[in-house]
Amino acid sequence: LLLRVCGLVSLLGSCGAAVVLTVPEMVLLEKGSLQNISVAPNGTVNKEAIITFNLTYSSKNTTIVSLPDQIILPANSRDAVNLPVFAKEAGSATVYLNSNNINLSVKLTRIRFLVIHSIALDIVNQVIGWIYFLAWSISFYPQVIENWRRKSVVGLSFDFVALNLTGFIAYSVFNVGLFWVPYIKDEFLQQNPNGVNPVDANDVFFSLHA
């Protein structure tokens with residue numbers, strides 16, 4: 001009986017899990033550039049879907065990114081479609097996706113656009129961040145090497161070691177959760193719909209190493 005009911009409902013296009021759109025969480029653009037963003041369903045869309053865009057946040061009163069009014073996902077296809085985006089002004093903007101197809105789930109589907117003046121400067125910024133990570137990480141080793149050579153821990157505060165370990169364990173849990181755990185990332189998005197995930201890869205690796 002259950003199979004018959006499910007078979008009947010599936011004919012109406014509402015049985016089974018809804019198709020979900022896959023989009024990048026954040027897109028980095030250089031001012032004045034045009035980039036195609038991939039918008040892909042994770043399954044076959046049963047009928048044509050019209051995707052529209054709702055700008056919910058802009059860091060400026062001017063247009064930061066220029067988007068088309070809509071894009072169309074063809075029926076009976078799971079191929080990705082391109083979303084052309086033109087970066088007009090430096091700043092940040094959050095865009096949520098809407099669909100006229102009830103079998104296409106777009107709840108909390110958003111793209112965060114960050115438009116900067118120079119990609120080259122952003123790369124320099126990332127390099128400086130990793131140098132900082134390496135320098136601070138290496139700074140932990142001289143004391144360890146010195147203690148090993150002396151075969152003594154005289155002068156080392158065990159209270160400091162215990163508190164430092166406790167702090168970095170908590171810091172690691174925070175970073176790993178926001179960087180790798182989908183449930184926590186979704187909860188952050190619900191609490192901060194226009195926010196940016198504050199954790200980068202070097203934050204995770206530093207906290208785990210320390």
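Student: Why is Glu89 called partly exposed?

Tutor: This is a predicted model, so every value is computed from it. Glu89 has a relative accessible area of 24%. Buried means under 20% and exposed means over 50%. The value for Glu89 falls in between, so Glu89 is partly exposed.

Student: What makes Glu89 and Lys31 a salt bridge?

Tutor: The closest N and O atoms of the pair are 3.6 Å apart. The cut-off is within 4 Å, so the pair qualifies. Glu89 lies in the loop between strands S7 and S8, and Lys31 in the loop between S2 and S3, so the pair ties together parts 58 residues apart in sequence.

Student: Why is Lys31 called partly exposed?

Tutor: Its relative accessible area is 37%.

Student: What makes Lys31, Lys60 and Glu89 one network?

Tutor: Their salt bridges share partners. Glu89 pairs with Lys31 and also with Lys60.

Student: Why is Glu25 called exposed?

Tutor: Glu25 has 52% relative accessibility. Exposed means over 50%, so Glu25 passes. Its side chain meets that of Lys185 in a salt bridge, at 3.4 Å from N to O. Glu25 is in the loop between S1 and S2, Lys185 in helix H5, 160 residues apart.

How values were computed
Residues are numbered from 1 along each chain as its sequence is written. This is a predicted model: local features need pLDDT of at least 70, side-chain atom pairs count only at pLDDT 80 or more; totals for chains, interfaces and linings use all residues. Side-chain values use heavy atoms; hydrogens and water are left out. Helices (H or I, at least four residues) and strands (E, at least two) are DSSP runs, numbered from the N terminus. Buried means under 20% relative accessible area, exposed over 50%, partly exposed in between (1.4 Å probe, protein chains only).
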